[in-house]
Structure formats: C-alpha cells, structure tokens
Number of protein chains: 2
Amino acid sequence: MIGLANIGCYIPENKVSNLDLIDKFDIDDNFIRNKIGVIERAIKEPEEKASDLCLKAFNDLLTKQNLDVDEIECCVVVTQNPDFAIPHTSAVVHGEIALPETCACFDISLGCSGYVYALSIVTAFMQTNNMKKGLLFTADPYSEIIDQDDKNTALIFGDAATVTLLDEEAKLKPLGFNFGSKGSGYANLINKEKLYMNGRAVFNFSAATIPVSVNSLLEKLKLTKEDVKQWYFHQGSKYIVDTITKRLALDSHKVVFDMYGYGNTVSSSIPLLLSKDITSLQSGEKILLSGFGVGLSWASTVLEKNK
Amino acid sequence: MIGLANIGCYIPENKVSNLDLIDKFDIDDNFIRNKIGVIERAIKEPEEKASDLCLKAFNDLLTKQNLDVDEIECCVVVTQNPDFAIPHTSAVVHGEIALPETCACFDISLGCSGYVYALSIVTAFMQTNNMKKGLLFTADPYSEIIDQDDKNTALIFGDAATVTLLDEEAKLKPLGFNFGSKGSGYANLINKEKLYMNGRAVFNFSAATIPVSVNSLLEKLKLTKEDVKQWYFHQGSKYIVDTITKRLALDSHKVVFDMYGYGNTVSSSIPLLLSKDITSLQSGEKILLSGFGVGLSWASTVLEKNK
C-alpha cells in the first residue's frame, strides 16, 4: 500500500516583515503575533514560477533521500497559480526533472484543502494502476495575486513549495479520509484580478466545519482524540488554529503551529510542518491532518506509522 | 467496481463556418473536410463560463437518466479554462447544482488526454473512498483563448462540455490504463496570452506515441486489436485520426470520427462520441479510448460492457 516516505521543502529566503506594516494597516504587535500568527512572509522572486518552487523543493528532497528519477511513475502538482493555464505545471516539472515518458502527470486545482485531498487522489490512483513511486508537489505562489493594500490578504499569505515522495514501501499511511464542499460559498475566496477574501466568512466556515469533519473521521475509523499523537491543521492563521483547538478541546501542546516566519502557504502549510516530523514518528503513532479553505472545501485524514 | 453509467453533453448552438474563411487563410474545401475535418466550430456565448457549459451538460444528463443529486459523493471538472483560477470550477458547479456538503470536489488540469486520465483518477478515488455515485465533467472553452488570425488554431477548436455519471452499478468499466508524458515538449502547446500550437510537432508526437501506447495497453491486458469493437481517439483533426488508424492498421469502419459540426473540443471530444454509444454497447463488448495533446500527455484505456 502506498504511503508517505519523505518530504522536501522550499521557502524563499526573501522575507517581508509585517512589523513594518503596523502604521499602514493600523495594527499592533499583538494582532501580528497572536491573531494572524505571521511575523514575516516568504516572497519568491518575481520571475520565479510555481514549477521553479517545485524544483527547489525537489532538490531539498534529494538531500534527504536517495532517489532514482527513472523509477518515478507519477508526478502531480497541486496549485491554483500554475506556470500557465495550459499546459499543467506537472508537465513543466516532468520536463525539468527529466522524468521518464512512462510517468503519469496531472495537476489538481485545489487550495488549502489540496494536500489532504491529493494524498487520497494520488495514492488511490497509484495503487489502482500498480505504481510504486510518485511525487506529489504543492506550490501556490499567492504573492502573484495579492493586492498589497488589502488588509484581509496582504498580511497573511507567503510563498513556498513541497514535494512528498509517495512510495509502496513507505511506513506512514493514510487510514481514511473525510471530504466536503460548500460550493455555495465559493465567492468568499476568489481570484478575479487579485485575490479577494471575506475573512470573517472563511473563518466562520472553518471554525464550524473542521471540528465536525474531524469527529466524523475519527468515528468512521473507530478512533478517539486520545489516539492522535499530533494534530496538523492548515495554517490559515493563529486564530483559526486556536479556535479549532478549543472547539475540539484538544491539548494545545499536541497541535502543531508554525507560520510565524513565512505565512499561510496554502496547500504547502501542512506538508511544511509534517516534513519536520515524518521520519521521527514511531511505530503505531497516528497523526491527524485537516485542510480547509478555497472552494469552500475541506479534507481530513489520519496517518499511521506502521512497523 | 465503479464504471460509466451515462453521459450528458452540451454543444453550443452558435456555429462559425470554416467555409467562410477559405479566402482569409488561403485554404480549400478539401483541406477543411479531409485534413482538419472541421466544417463548423461551436462557439459559446462570450459571457458563458466553463461552469455554465457544465450545467447545460448536466441538464442533458437529467433528460437521459434519473438522478438524485443528494446521492452524488464526488464532483470533478477537467479543464484548463476554468471560471476562475481560484476557486476550482467544480466548487462553482457544486454550488449551482446544490450537491450535498459531503460531496468531494476537485478540478483536474489536463487537456486532450484529460478524459481518459480522469476516468482512472476519479474511479480510483471513488473506489478507495467507498463512494457510489460521482459526476465527471469536461469543459474547456478554447474560444476564450484563440487568436482568430492564427491559422494553426483558429480553424480547429470548438466549445463543448460533457458529464459522465460514474456509478458502482454501471456496466461499462475500465479494464486498465496506459499513461505517459513528454514534459520536455510542453512549449509546443501553450497558453501565454493566446493559445500557441506547433501543429507539426504535436502531430508528429501524436502519430508516434499513440500506436505505441495502444499496443502496450493491449499487451498488458492480454488483448488483441480484434478484441476491440470500436476505437475512440481524441478528435484532434481528421488527419491525425486517419494517421493513427493507418499506423495501427485498423479497420477504419471501427474508428469513430465526428467533429465536422463542432470542432476539436479538447477533453470533451471522446465523451461526446461515447455518449451516442454508451447505452447500446452489448455485454462483453470492448472499446478503446485514447487521448493525447497538451503536456505533451497521453492516456489510453479499454472499457468493457459487463452483464
């Protein structure tokens, strides 16, 4: 069965500090640290595209992991800011890494729920087609679409990319998923020319929906909250992670939070955090991942480390 | 096991005739009928978006098929001309059809290989997550990105949409797939501001690749060409379908061709043709589908009608 073997990451070195924007947006230090939880935002170079970020994440993976690219049978990119509308960004990545012609490539268009959704989509696809090794990229460079004068978005989003090596022999495996959609609310997070976010609506949606999704998933898997060693919620803001933590009555020490130094990186937020822990999880330990946002959309999963 | 139950279609009534462009592009009737195989192109209204075409295809499905939308557990749109970059078009469709909140939604970004790829991606996803009914849409309105003065593209592409009902109880099921990618050639079919196509390069790629993909698939499934009742190639042009037919030495009466009245509809080309035959296939009959194009990318599958 296909699982997660390792994760490579890329966070641009160029940072913009929200502390420099205190006067512009009439905010304070407490708002920056405790409400949004973003002190600096990572911003890519203007000429860099999603595929460039993917390649840098792939280079990081190669420092962690021996990998023969000729063995890769599947290459998927999760993005809503692709290099081009046509072709898919996974085709560009395929060419740049020189993956074999037998490698299946496609992009998935999803936002902050994209990594968790893609873990199911890609592992199911690989499994069914008897593929043994695949690459799952996330790269959604929002710096291209942010209005720097819009307080609702300009302080939050950062650029990053990740790549997860999916492998038949990997030890960290999904036990099950919970998915959902509220398409009637899609206009609350939308890119016409620049990104528009109704922050209050997206917050309320997330705070109401994710505890239900998590509880449904645990019930389906016949697990309790105590069975979960660590919780990885999409890092939308500190306030939403704290709110979900409270509503689920979780021990906050078990809830991973870290976006202070780079911002909300959309579909990359969960794999960025998981990359630090993936190789140190112990046999039998379970973690829960939950992503939510654009769509409106959500997905939750429990991963278990096997022997 | 999940299979194809029925297909709804939408082809815009508004047509533009290539016969009116003979002088403009210095072409003749023979070129139009026998080389490209497109006499008229279907063109959507300017204000219509991909989701609007999807909804019209869905309405067609409802005339063919009883359907309780509350039973739909999965909604996927294949497109590279979405309503918006953010959110995914499947979210818009989800809202418009009023699908249940438990329905999983995502878009797949692929071009002319997209329908065949998606048949594998979505059936595997549904199967693994124990979903029983899903909707797979294709809608790629190229009229938005065509340069009307570019002879390589202006005579070929038309707008359309389809929706395939995927159902656990359906009788037409995929036996297996062959996928591939040639990312190094991605720049031969690309949308920067308008669509650019290196027609010669895409033709040569398709003519060389698809016979190999088809033969590999048949070999994997332990089938021969004689086991295939009917062949559905992506309708790129009459010339490419004829060339593949010759290279595979197929009986041309078994190779479906019809794009004269609406053009190359990208990921909708195969399901448009299949929609006419899906309910009349007989038990045990096998058909072969093969899509190719943007990426460069290809996918082939054999579907079998069970008892």
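In which sense, parallel or antiparallel, do S5(A) and strand S5 (residues 104-109) of chain B pair? S5(A) and S5(B) pair in the antiparallel sense, over three bridges. Strands are said to pair if DSSP finds at least two bridges between them. Helices (H or I, at least four residues) and strands (E, at least two) are DSSP runs, numbered from the N terminus.

This is a predicted model, in which local features need pLDDT of at least 70 and side-chain atom pairs count only at pLDDT 80 or more, while totals for chains, interfaces and linings use all residues. Residues are numbered from 1 along each chain as its sequence is written, and chains are lettered from A and ligands numbered from 1 in the order in which they are written.

Within chain A, strand S4 (residues 74-78) runs parallel to S5(A) and is joined to it by five bridges. A:Val78 has A:Ile108 as its bridge partner in S5(A). From S4(A) the chain crosses through helix H4 (residues 89-97) of chain A to S5(A), in a right-handed β-α-β crossover. Right-handed here means that, with the strands pointing away from the viewer, the path from the first strand over the helix to the second runs clockwise.

| Residue of chain A | Bridge partner |
|---|---|
| A:Val78 | A:Ile108 |

Six of the six residues of S5(A) are buried, so the strand is largely enclosed by the rest of the structure. A residue is buried if 20 or more other C-beta atoms lie within 10 Å of its own, exposed if 12 or fewer, and partly exposed in between, with C-beta atoms placed from the backbone. In a regular strand the side chains alternate between the two faces of the sheet. In S5(A) both faces are covered, with A:Ala104, A:Phe106 and A:Ile108 buried on one side and A:Cys105, A:Asp107 and A:Ser109 buried on the other.

**Contact between the chains**

Chain A places 48 residues in contact with 48 residues of chain B. Contact requires that the C-beta atoms of two residues, placed from the backbone, lie within 7 Å. On the side of chain A that touches chain B, the elements giving two or more residues are H4, S5, H5, strand S8 (172-181) and strand S9 (189-191) of chain A. That side divides into 26 nonpolar, 18 polar and four charged residues. Ala, Val, Leu, Ile, Met, Phe, Trp, Tyr, Cys and Pro count as nonpolar, Asp, Glu, Lys and Arg as charged, and the others, Gly among them, as polar.

**The two domains of chain A**

Chain A is divided into domain 1 (3-167) and domain 2 (172-305), with bounds that come from an automatic or database domain assignment. Their C-alpha centres lie 17 Å apart. The contact takes 45 residues from domain 1 and 46 residues from domain 2 of chain A. On the side of domain 1 that touches domain 2, H5(A) gives the most, with seven residues. That side has 23 nonpolar, 16 polar and six charged residues.

**Helix H5 of chain B**

In chain B, 13 of the 15 residues of H5(B) are buried, and the helix is mostly covered. Just after H5(B), B:Asn130 takes a positive phi of about 60 degrees.
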